[in-house]
Amino acid sequence: MIETTWEDNSWMMDNVLGLIKIRIKRGINLAIRDSISSDPYVIVNMGEQLQKLKTSVVKNNCNPEWNEELTLSIKDVHTPIHLQVFDKDTFSIDDKIGDAEIDLKPYANAVQMKLDDTVSDGCVIKRIQANRTNCLAEESSCIWKDGKVIQEMVLRLRNVESGELVVDIQWVDIPGSRGLLGGQS
């Protein structure tokens with residue numbers, strides 16, 4: 001996979017608010033799609049963007065550890081981030097294991113608080129409850145860590161019999177972009 005940095009697309013900066021770093025940490029109890037296990041990987045995209053990001057494949061594991069960081073450009077915090085989990089197959093089309101979405105609005109509101117270094121590391125800034133309108137498997141927290149707001153979450157996969165993804169997200173401002181204070185919340 002060829003990685004593209006935001007510098008390569010500087011002509012698109014007018015529409016970009018910033019970047020989101022998504023750390024795909026691990027999968028929990030993913031569905032079996034091969035005879036006794038799965039070879040899972042995750043694809044991440046957002047709305048109509050052509051940008052699709054992909055983790056590596058973890059062979060024979062329904063509880064994979066990826067700990068991979070992917071970066072998406074963000075044009076609208078009202079558009080959710082879509083995650084799809086697949087089972088890699090060699091001789092046929094990859095099997096879908098499930099999908100989930102990340103709603104950026106609660107996280108964006110926490111980032112817009114513009115906290116400073118007087119906040120102690122590990123301080124919970126905002127809590128987001130799991131409910132029927134989001135994919136959270138449990139309460140999620142936006143925490144202050146190393147001068148940044150990070151949202152840690154466990155996402156329950158949809159359209160599948162079992163499975164969760166453990167991820168976190170972090171906002172990155174881009175010099176010259178509108179940023180989150182450009183009127184969107």
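Strand β2 is a well-covered stretch: seven of its seven residues are buried. Here "buried" means under 20% relative accessible area, with exposed being over 50% and partly exposed in between, using a 1.4 Å probe and protein chains only. Strands are DSSP runs of E with at least two residues, helices are runs of H or I with at least four, and both are numbered from the N terminus. In a regular strand, side chains alternate between the two faces of the sheet. In β2 both faces are covered, with P40, V42, V44 and M46 buried on one side and Y41, I43 and N45 buried on the other.

Before going on, keep in mind that this is a predicted model, where local features need pLDDT of at least 70 and side-chain atom pairs count only at pLDDT 80 or more, while totals for chains, interfaces and linings use all residues. Residues are numbered from 1 along each chain as its sequence is written, and side-chain values use heavy atoms, with hydrogens and water left out.

So who sits beside β2? Four strands form an open, antiparallel sheet in the order β3-β2-β5-β6; two strands pair if DSSP finds at least two bridges between them. The edges belong to β3 (53–54) and β6 (95–102), and each has a single partner strand, so one side of each has no neighbour in the sheet. Let's walk across. Between β2 and β3 there are two bridges, again antiparallel, and I43 stands opposite K54 in β3. These strands make a hairpin with six residues between them, where G47 takes a positive phi near 55°. On to β5: β2 pairs with β5 over seven bridges in the antiparallel sense, and M46 has I81 as its bridge partner there.

Now look for aromatic rings. The structure holds one aromatic pair. Its rings, Y41 and F86, have centres 5.7 Å apart and planes at 20°, so the pair is stacked. (Rings of Phe, Tyr and Trp, the last by its six-membered ring, pair if their centres lie within 6.5 Å; planes under 30 degrees apart are stacked, over 60 edge-to-face, and the rest tilted.) The pair links distant parts of the chain, with Y41 in β2 (residues 40–46) and F86 in β5, 45 residues apart. Y41 is buried at 5% relative accessibility, and F86 is buried at 15%.

Strand β5 (residues 81–87) pairs with β6 over seven antiparallel bridges, and H82 has E101 as its bridge partner in β6. Also in β6 is D99, buried with a relative accessible area of 3%. What does the side chain of D99 make a polar contact with? The side chain of N159, at 2.7 Å. A polar contact is a pair of N or O atoms within 3.5 Å; within protein, one must be able to donate a hydrogen and the other to accept it, and residues adjacent in sequence count only if both atoms are side-chain atoms.

Finally, visit two loops. K114, between α1 (105–111) and β7 (124–128), has a positive phi near 50° without being a glycine, and K114 is partly exposed at 49%. D146, between β8 (140–145) and β9 (148–156), also isn't a glycine, yet has a positive phi of about 55°; D146 is exposed at 63%.
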